[in-house]
Amino acid sequence: MLKINYSKNFDKNKYLKDISNKPFRVYLCKKDKNNKCIKDDNNKTIRNIRTEFKNIDDFKQKKTVTLLEVFNKFKEIKKDNFDIIFKDISFKCLLIGNFKTIQEIKQNIQTDSAIKENKSIKFLFDYTNLRKTYISLFFENNLNISTCYYCNIDYINSYNVEKKKKNKFTLDHYYDKSTYPYLSLSLYNLVPSCYACNSKLKGIVEFTNLSPSFQKFDFKNKVKFKLFLTENCVDLNIKSLKNIDIELKENYSNDYNGEKGYIETFKLNERYKAHKDIVFEMIKKAELYPESRLKELQDLTGIPYQQIKKDIFNLIDDDMDLSQKPFSKLIKDISKELELIK
Ligand SMILES: [Zn+2]
């Protein structure tokens, strides 16, 4: 729903550097049935070279190797077709290439069951482990996350518990990680979102061009909340929630509509209808405070008329990042519908 506002603080080069340097231990201890390390007669732990690094002589002398070293080495020794799959694709582009680049990579790599099951890709681009240790933290520290970028309904901000930072967001893989495992660490493939949007609604649905991480994502301007009065509402006399309806309408294009479209997938119309009270309250206030009343208040208090209006209706400034508060897109669109703002 809202485009991600990547500020200058969004340090993608740091992300690249840190992920590239993620270490892998070359040797792992041999384990027994209970998952405990086995020791030899001299009480020394028995270590074996990691299965993935067998036959790589260059690694045998080292204790650890970095993720980037492994990527390059797999390409060099043609492991699991790495040389063909990633022929013209650099590690940098994979990790921090923008959304358009991700789409190009996706087109370049023919995704089939062989890719999905490619053990070396799964091993190298293992998201689960890095999410906990690094990726979530990176988003916490580099992006001012407040509400879900898909729905703008739920707060997904960070908070502190005994000096430790926690967060309420999940990171959705716009292109799902089971189908495109090689995109699972790609920065612009990750969308901070609420649990409902990510896990309960989107799943592996695939849209085209509609990622909030895409520069051209323009839901804000192309789709608007519209206010409708129901048939039984006589003489525009709005008495209860039942008299009004709200619906998202797309103007001049058809990018977000449709059966498996963005609006339908995230059940936005249905979910927003459950919050009609916000709109109802705005209508009631508009009735209570017509222009004439606001001007009276200005004369009485000396506070500028525009300021009083803004305070009463919680109007949203034009330059405000709508993702910072829940329902701000709804409030903004309905303010226009009610002609509270131009
Ligand atoms: Zn959401």
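Domain bounds here come from an automatic or database domain assignment. On that basis, the protein is divided into domain 1 (12-19 + 92-202) and domain 2 (219-337). The model is a predicted one, in which local features need pLDDT of at least 70 and side-chain atom pairs count only at pLDDT 80 or more, while totals for chains, interfaces and linings use all residues. Residues are numbered from 1 along each chain as its sequence is written.

The centres of domain 1 and domain 2, taken over C-alpha atoms, are separated by 32 Å. Twelve residues from domain 1 and 13 residues from domain 2 take part in the contact, two residues being in contact if their C-beta atoms, placed from the backbone, lie within 7 Å. The side of domain 1 that touches domain 2 has seven nonpolar, three polar and two charged residues. In this grouping Ala, Val, Leu, Ile, Met, Phe, Trp, Tyr, Cys and Pro count as nonpolar, Asp, Glu, Lys and Arg as charged, and the others, Gly among them, as polar.

Turning to the whole chain, the protein has 17 helices and ten strands; helices (H or I, at least four residues) and strands (E, at least two) are DSSP runs, numbered from the N terminus. The protein is more spread out than a compact globule, because its radius of gyration is 26 Å, well over the 20 Å that the globule rule gives for 342 residues. This radius is taken over C-alpha atoms, and the rule is 2.2 Å times the number of residues to the power 0.38. Along the principal axes, the C-alpha atoms fill a box of roughly 90 × 45 × 40 Å.

Strands β5 (residues 158-161) and β6 (residues 164-167) run antiparallel and are joined by four bridges; strands pair if DSSP finds at least two bridges between them. Tyr-159 has Lys-166 in β6 as its bridge partner. Two residues lie between the strands of this hairpin, where Glu-162 takes a positive phi near 45 degrees.

Helices α15 (residues 291-301) and α16 (residues 305-313) pack at an angle of about 115 degrees, with their axes 9 Å apart. Axes are lines fitted to C-alpha atoms, for helices over the stretch in contact, and angles run from 0 to 180 degrees between N-to-C directions.
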